[in-house]
Amino acid sequence: MKLWRHKERYQWLSRTALGAVLWLLVGCEPQVVYHQFAPVQNAQWSRLDTICFTPHVPDSGTSYQASIEVRLLQSYPYQDLVVGYEYFSPENELLQSGTYEFNTTDSYYDKNGSGIAGLYSYSAYLKSLPIEKAGDYKICIFQQESDTLLKGVQDVGLNLSRH
């Protein structure tokens, strides 16, 4: 009888500890409001092609963090990727713009993004975005490399999280 109670207590403590760890992990993670990728046709991103995302922001009383994400093929020929972005209000007013440079290789010219099977992912956080009210905001992303047609870019994405 004592052995059975001891076993029940151990199981209860194990489940409680596991539940607490899961709660901490989920509670500390930002809440993703929007996460979308747009495929680049034939993995060739033209300087003339702007990729726009329109996330719906449900409230303004919260801090939001956005990141631009790109997926590059092993065949991407450069050590970096420079992208520009423009951030618009629901009324289509330009609120912010800027550029980001993704370093795609390490000092030995090996790909340094996370990925497997010749597809590498990179992410760069934008400055904090001003959210004055709930609504449909627009973020447009475009490449700013010297080549008019940039080969090896598979997808471009946007992630918007509530913090």
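1. Arg 71 is partly exposed, with a relative accessible area of 26%, where buried means under 20% relative accessible area, exposed over 50% and partly exposed in between (1.4 Å probe, protein chains only). This is a predicted model, in which local features need pLDDT of at least 70 and side-chain atom pairs count only at pLDDT 80 or more, while totals for chains, interfaces and linings use all residues. Residues are numbered from 1 along each chain as its sequence is written, and side-chain values use heavy atoms, with hydrogens and water left out.

2. The partner of Arg 71 is Asp 155, and the two form a salt bridge whose closest N and O atoms are 3.4 Å apart; a salt bridge here is a side-chain nitrogen of Lys or Arg within 4 Å of a carboxyl oxygen of Asp or Glu. The pair joins distant parts of the chain, since Asp 155 belongs to strand 13 (residues 153–162) and Arg 71 to strand 5 (residues 64–73), 84 residues apart. Helices (H or I, at least four residues) and strands (E, at least two) are DSSP runs, numbered from the N terminus. Asp 155 itself is buried, at a relative accessible area of 10%.

3. The structure holds 2 salt bridges, and another pairing to look at is that of Glu 91 with Lys 133, where the closest N and O atoms lie 2.5 Å apart. This pair also links distant parts of the chain, 42 residues apart: Glu 91 sits in the loop between strand 6 (80–88) and strand 7 (94–103), and Lys 133 in the loop between strand 9 (119–125) and strand 10 (135–136). Lys 133 counts as partly exposed, at 40% relative accessibility. As background, side chains of opposite charge can pair when their charged atoms come close.

4. Two backbone angles deserve a careful look. Asn 92, placed in the loop between strand 6 and strand 7, has a phi near 70 degrees, a positive value in a residue other than glycine. Ala 43 is not a glycine either, yet has a positive phi of about 55 degrees; its place is the loop between strand 1 (31–39) and strand 2 (44–46), and at 13% relative accessibility Ala 43 counts as buried. For comparison, most residues other than glycine have a negative phi.

5. Counting as a disulfide any pair of cysteine sulfur atoms within 2.5 Å, the model comes to 1 disulfide, formed by Cys 52 and Cys 140 with their sulfur atoms 2.2 Å apart. The link connects distant parts of the chain, with Cys 52 in strand 3 (residues 51–53) and Cys 140 in strand 11 (residues 138–143), 88 residues apart. The torsion about the S-S bond is about 105 degrees, so the disulfide is right-handed. Of the two cysteines, Cys 52 counts as partly exposed at 39% relative accessibility, whereas Cys 140 is buried, with a relative accessible area of 5%.

6. Among contacts with a separation of 6 or more, 77% are between residues 24 or more positions apart, contact meaning heavy atoms within 4.5 Å. Of the 163 residues of the protein chain, 34% count as buried. The chain exposes about 10,300 Å², of which carbon and sulfur atoms supply 53%, the accessible areas coming from the Shrake-Rupley method with a 1.4 Å probe and, for residues, with only the protein chains shown counting as cover.
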